[in-house]
Structures are given as structure tokens and as C-alpha cells.
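Colleague: I would like to understand how the words used for a structure follow from its numbers. Could we go through some of them together, slowly?

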Amino acid sequence: MAGVDFTRAYFPKQILVIGSPAMYSSTNTVGTAEGGIKIVLYDINNIDPTDVDALISSSSRFKTMHHEFAHILHQLKDYPTEFKTISAADYIGSNWNNRTDAEVAPMGFVSPYASSEANEDFVETIAIWITFSDAHWESWRELAGEEGWAIIQKKLSMCREYLQENWDIDLDNMRAIVQRRCEELRTMDIDSMYE
């Protein structure tokens, strides 16, 4: 969507895949982004390449790639300080894994991990908006309630502005493309690709 020049300039020069999981504290780290240059994906040995739904599900490396790439973008050009203040009182660091969806949605987070700190909140908001279905967002809206949903919408608006102004990326157009391609993948005969 952003063009070949953007991809050549900013897409990570290295994508490392590690077969085993990476544990941090009591959580399983799915991926990391480093210095705007590389993305590391972990636990690759446990991926079934023929299970399309699992490949593009919410917990997949697919969402993780968008999450980590958003880190690369904000590492190169920081997002507005105002975003960091919206939920500043509600960030809890590594204790995020003790929170449930039902707890964080009304607080204005798109996932428990988003409640860990501002950088994760920012990239989770982008990655989940792009990769999760309309059905997911409708259920999250109900879970968030009016106040939580208003906070999420404010964060999404800031993500849209940041990507448009700094990278000439239309976040909603990007989401439409990703959602369309996910549906195309679901209708492909993946098994025949491995014969």
C-alpha cells in the first residue's frame, strides 16, 4: 500500500525465526523489533502452515508482524506525547498478563498487553485494528462500554493521524487490504501448495 520505496526503506532488513518459545517473566514473547532493522519471531516450530485460521488468528505471528513493524515505525519517528498520557495512570508493566479482556476494555485498551505501557498500547492499537475482524471489534465495543470505547476511538484517531502525517499511510485503507487478503487466504487450497 505504501509503495515499493517505502518497503525498501523501512521494512526490516532481517526477519529472524526462532524455533523455540522465548519466555519473559511469566509470559511467552512472540516477537521483538530491534532498532528499526530486524524483527525476531519465536516459537516457529509450533506453527502449522496448513492451518490458515491459526496463521491469521489474533495470537498469530501475522498480528505480531504488524505489531513489531509498528514498533519499527515509532522507533524511527516517535508518535505524539499526548498518546502516552491518555492511559498513563492505567499502565502496569509486566503485570499486564494478570489482566483480562473484561478488565482492560473498559479502561480503553485493545488487549491486556496494551495495558503494559504506552509503546505497547500504541502498536497493539494499530496491529489489532488492522488484523482483527469486524466481529471482534463489535464484541470489544460491547465489552468496553461507552467510556472505554471513547478512549479506544481517541487512540485510534491518533494512530491514524500519526501514520498519515509521518508515513503517508491510510490506516483504514491498510485494514481493508489486510482484511480482504485474509478472506482470500481462507478460500485458498493451502494443502495443494505443499504437495
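Colleague: Where in the chain is Val17 found, and what makes Val17 count as exposed?

Modeller: In this predicted model, Val17 is found in strand E1, which covers residues 14-17. Its relative accessible area is 53%, and the word exposed is used for values over 50%, so Val17 is called exposed.

Colleague: Is Phe6 buried or exposed, and how do you know?

Modeller: Phe6, whose place is in helix H1 (residues 4-10), has a relative accessibility of 12%. Buried means under 20%, and because 12% lies under that limit, Phe6 counts as buried.

Colleague: What does Phe6 touch, leaving aside residues up to four places away in sequence?

Modeller: Phe6 touches Phe11, Phe69, Leu73, Trp167 and Ile169, where a contact requires heavy atoms within 4.5 Å. Phe11 also belongs to the nonpolar surface patch.

Colleague: Why is Asp168 called exposed, and what is its phi?

Modeller: Asp168 has a relative accessible area of 58%, and since exposed means over 50%, the conclusion is that Asp168 is exposed. Its place is in the loop between H7 and helix H8 (171-187), and its phi is near 55°, a positive value in a residue other than glycine.

Colleague: How do you know that helix H7 is not straight, and where does H7 bend?

Modeller: A straight helix of 34 residues would span 50 Å, at 1.5 Å a residue, whereas H7 (residues 134-167) spans only 25 Å between its end C-alpha atoms. The bend is at Gly145 and comes to about 120°.

Colleague: And for the chain as a whole, how many helices and strands are there, and what share of the residues counts as buried?

Modeller: The secondary structure comes to nine helices and five strands, and of the 195 residues of the chain, 41% count as buried. Of the contacts between residues at least 6 apart in sequence, 66% join residues at least 24 apart.

Technical notes
Residues numbered from 1 in each chain as written. Predicted model: local features only at pLDDT ≥ 70, side-chain atom pairs only at ≥ 80, totals over all residues. Heavy atoms only, no water. Helix = DSSP H or I, 4+ residues; strand = E, 2+ residues; numbered from the N terminus. Expected span 1.5 Å × (residues − 1). Bend = angle between axes of the 7 residues up to and from the residue. Patch = residues over 30% accessible without salt bridge, like charges linked within 9 Å, V, L, I, M, F, W, Y side chains within 5 Å. Areas by Shrake-Rupley, 256 points an atom, 1.4 Å probe, with all protein chains shown as cover. Salt bridge = Lys/Arg side-chain N within 4 Å of Asp/Glu carboxyl O. Buried < 20%, exposed > 50% of the residue type's maximum accessible area, 1.4 Å probe, protein only.
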